[in-house]
Amino acid sequence: MRVLCLHGKRQSGEIMRQKTGSFRRIFGKKATFDYITAPLLIEGQSEQEGLPGYMWWVIDPPDQMLGKCNLLKAEESLTFVADHIKNNGPYDGVIGFSQGAVLLSLLLAQSIGKQIQGKQKQDQVQDQDQVAEGSEGLQKDQDPIKNLKFCMVVSGYITPALN
């Protein structure tokens, strides 16, 4: 079994790997865990001394935790993870922790939306064997999220930008 892991804010793939050693030992050789690091470096902030911290998006305005705000760079992070899965998969599952859990939830919602769009396009051209070329609908092999067997959201939260 192959599992992709998405860390929380102020962490990295390496920090999450270190913190989940006991969890990985439970699976022994039955599972391999792939830890990736978010593309946005946080200057001077990390959960662990000596290692840089990263995040999946930036909240704008920065101090807006309870009111409406925007997630800057989230779309780039969604593409980053989807591309990683396409290029390094297949994965059986994805585990997201904290900010990584929210990103995983957004990725799943995006995938479901694309599947619905694809189904609607297919329904419109049901007399044809294939969806018309250029359609936005995704086939199973084009959507790396659709092939996952499980997703685990750990310590996720509702971000103010989604309220």
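**View 1. Four aromatic pairs are present in the structure.** Rings of Phe, Tyr and Trp (its six-membered ring) pair if their centres lie within 6.5 Å; planes under 30 degrees apart count as stacked, over 60 as edge-to-face and the rest as tilted. One of the pairs is formed by phenylalanine 23 and phenylalanine 27, which is edge-to-face, with 5.2 Å centre to centre and 65° between the planes. A pair of aromatic rings is described by the distance of the centres and the angle of the planes. Helices (H or I, at least four residues) and strands (E, at least two) are DSSP runs, numbered from the N terminus. Ring pairs also bring in Phe33, so that Phe23, Phe27 and Phe33 are linked into a cluster. Is phenylalanine 23 buried, partly exposed or exposed? Phenylalanine 23 has a relative accessible area of 30% and is partly exposed. Phenylalanine 27, at 26% relative accessibility, counts as partly exposed. Buried means under 20% relative accessible area, exposed over 50%, and partly exposed in between (1.4 Å probe, protein chains only).

**View 2. The whole chain, as a predicted model.** This is a predicted model in which local features need pLDDT of at least 70 and side-chain atom pairs count only at pLDDT 80 or more, while totals for chains, interfaces and linings use all residues. Residues are numbered from 1 along each chain as its sequence is written, and side-chain values use heavy atoms, with hydrogens and water left out. The chain has four helices and eight strands, in the order β-α-α-β-β-β-β-β-α-β-α-β along the sequence. Of its 163 residues, 36% count as buried. The chain exposes about 9900 Å², and carbon and sulfur atoms supply 50% of this area (Shrake-Rupley method with a 1.4 Å probe; for residues, only the protein chains shown count as cover). Among contacts (heavy atoms within 4.5 Å) with a separation of 6 or more, 69% come from residues 24 or more positions apart. The average pLDDT, the predictor's confidence in each residue from 0 to 100, is 82 for the chain, and 74% of the residues score at least 70. Over residues 130-141 the pLDDT is below 50, and in the model this stretch has 19 contacts beyond near neighbours in sequence.

**View 3. Strand β7 is joined to β1 and to β8.** Two strands pair if DSSP finds at least two bridges between them. Strand β1 (residues 2-6) and β7 run parallel and are joined by four bridges. Here leucine 6 stands opposite glycine 96 in β7. How many bridges join β7 to β8? Five bridges do, and these strands run parallel. Valine 94 stands opposite cysteine 151 in β8. Four of the five residues of β7 are buried, so the strand is mostly covered.

**View 4. Glycine 93 lies in strand β7.** Why does glycine 93 count as buried? Its relative accessibility is 0%. Which residues is glycine 93 in contact with, leaving aside its neighbours within four places in sequence? They are Arg2, Val3, Leu4, Leu148 and Phe150. The C-alpha atoms of glycine 93 and lysine 149 are separated by 5.7 Å, although the two residues are 56 residues apart along the chain.

**View 5. A cis peptide bond joins glycine 89 and proline 90.** Omega for this bond is about 10°. Proline 90 is in the loop between α3 (74-88) and β7 (93-97). Tyrosine 91 has the charged end of arginine 2 over its ring, 4.4 Å from the ring centre. A charge sits over a ring if NZ of Lys or CZ of Arg is within 6 Å of the ring centre and within 35 degrees of the ring normal.

**View 6. Serine 98 and serine 155 each have a positive phi.** For serine 98 phi is about 55°, although this residue is not a glycine. Serine 98 is found in the loop between β7 and α4 (99-124). Serine 155, not a glycine either, has a phi of about 55°. Serine 155 is in the segment after β8 (150-154) and, with a relative accessible area of 48%, is partly exposed.

**View 7. Lysine 68 lies in the loop between β5 (58-60) and β6 (70-72).** At 56% relative accessibility, this lysine 68 counts as exposed. Lysine 68 and threonine 159 are 91 residues apart in sequence, and C-alpha to C-alpha they are 9.1 Å apart in space.
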